[in-house]
Amino acid sequence: SAFHGQNYFALFPHDSITVLYFSLFFKFLRNPLFLIKFMNVIYETVSVYIVYLIAKNTYNDKVGKIGALLIALFPPFIMYCSETMAENMAIPLFLISVYLFIKYIDTEKIYFIFLSGIFLSLGGLFRPVNIVFLIAYIIYYIVKKVILKKKRYILKLICISMLIAGYLLPTVIISNILV
């Protein structure tokens, strides 16, 4: 009933996936708040580890440890952990997407860029700011791989297409299921 008429979630459909996620906990438990907060702790822990991997991959192990420590001690990151907010699920998905995109830039294995698009899209289902990431990925890719290395344009267009396909796939499938 919350999705119909003038109800809150009917007016703000960007929260639909978050509401459905939380409703799973309410469906199976009488008091789901503890489990939701416990899952938040897991998401935040995964986020700290992914920040470590991103910084380690981009710079070195020492910078990776510093990055992990900084995000682990970042006050809003700690405070969000006890809240039922969409950001708790979105942040690790966005970070996985960033990590996979960096892995693609380093290795040029096409499945990394496709998976990056998928995780970006999944993060956007919880917090719809993923288009900003997608635009940044495409600009970075064009500058790094097309302009600076002037060869294999067709392959580079295929890679951008794979990113966009990975980005659109979950969104289109889940949107159609919800409709």
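This is a short walk through a predicted model, stop by stop, with something to select at each one.

**Stop 1: the nonpolar patch**

Select Leu24, Phe28, Leu29, Phe34, Leu35, Phe38, Ile42 and Val46, and you have a nonpolar patch of about 760 Å². Colour by helix and you'll see that helix 2 (16-28) and helix 3 (33-58) are the elements giving two or more residues to this patch. Helix 3 gives the most, with five residues.

Zoom in on Ile42, which sits in helix 3. Is Ile42 exposed or only partly exposed? Its relative accessibility is 35%, so Ile42 counts as partly exposed.

**Stop 2**

Phe34 counts as exposed because its relative accessibility is 65%. Phe38, at a relative accessible area of 39%, is partly exposed.

**Stop 3: aromatic pairs**

A pair of aromatic rings is described by the distance of the centres and the angle of the planes. With rings counted as paired when their centres lie within 6.5 Å, the model has twelve aromatic pairs. Pick Tyr21 and Tyr43 from the set: the centres are 6.4 Å apart and the planes are at 50°, a tilted pair. This one joins distant parts of the chain, since Tyr21 belongs to helix 2 and Tyr43 to helix 3, 22 residues apart. Both Tyr21 and Tyr43 are buried.

For another geometry, go back to Phe34 and Phe38. Their ring centres lie 6.3 Å apart with the planes at 20°, so this pair is stacked.

Ring pairs link Tyr21, Phe22, Phe25, Tyr43 and Phe126 into a cluster.

**Stop 4: the salt bridges**

Side chains of opposite charge can pair when their charged atoms come close. How many salt bridges does the structure hold? There are two.

Select Lys65 and Asp61 for one of them; their closest N and O atoms are 3.2 Å apart. Both residues are in helix 4 (residues 61-73), four residues apart, or about one turn of the helix. Asp61 has a relative accessible area of 31%, so it is partly exposed.

Next, select Glu87 and Arg127, where the closest N and O atoms of the salt bridge are 3.1 Å apart. Glu87 is in helix 6 (residues 87-107), while Arg127 is in the loop between helix 7 (110-126) and helix 8 (130-147), so this pair ties together parts 40 residues apart in sequence. Check the accessibility on each side: Glu87 is buried at 17%, whereas Arg127, at 30%, is partly exposed.

**Stop 5: helix 7**

Draw a line from its first C-alpha to its last: the 17 residues reach 26 Å, close to the 24 Å expected at 1.5 Å a residue.

Next, pick out its buried residues: Phe112, Ile113, Ser116, Gly117, Ile118, Leu120, Ser121, Gly123, Gly124, Leu125 and Phe126. What do the buried residues of helix 7 pack against? Show helix 2, helix 6, helix 8 and helix 9 (153-178), and you have the partners.

How values were computed: Residues numbered from 1 in each chain as written. Predicted model: local features only at pLDDT ≥ 70, side-chain atom pairs only at ≥ 80, totals over all residues. Heavy atoms only, no water. Patch = residues over 30% accessible without salt bridge, like charges linked within 9 Å, V, L, I, M, F, W, Y side chains within 5 Å. Areas by Shrake-Rupley, 256 points an atom, 1.4 Å probe, with all protein chains shown as cover. Salt bridge = Lys/Arg side-chain N within 4 Å of Asp/Glu carboxyl O. Buried < 20%, exposed > 50% of the residue type's maximum accessible area, 1.4 Å probe, protein only. Phe/Tyr/Trp six-rings, centres within 6.5 Å; stacked < 30°, edge-to-face > 60°. Expected span 1.5 Å × (residues − 1). Contact = heavy atoms within 4.5 Å.
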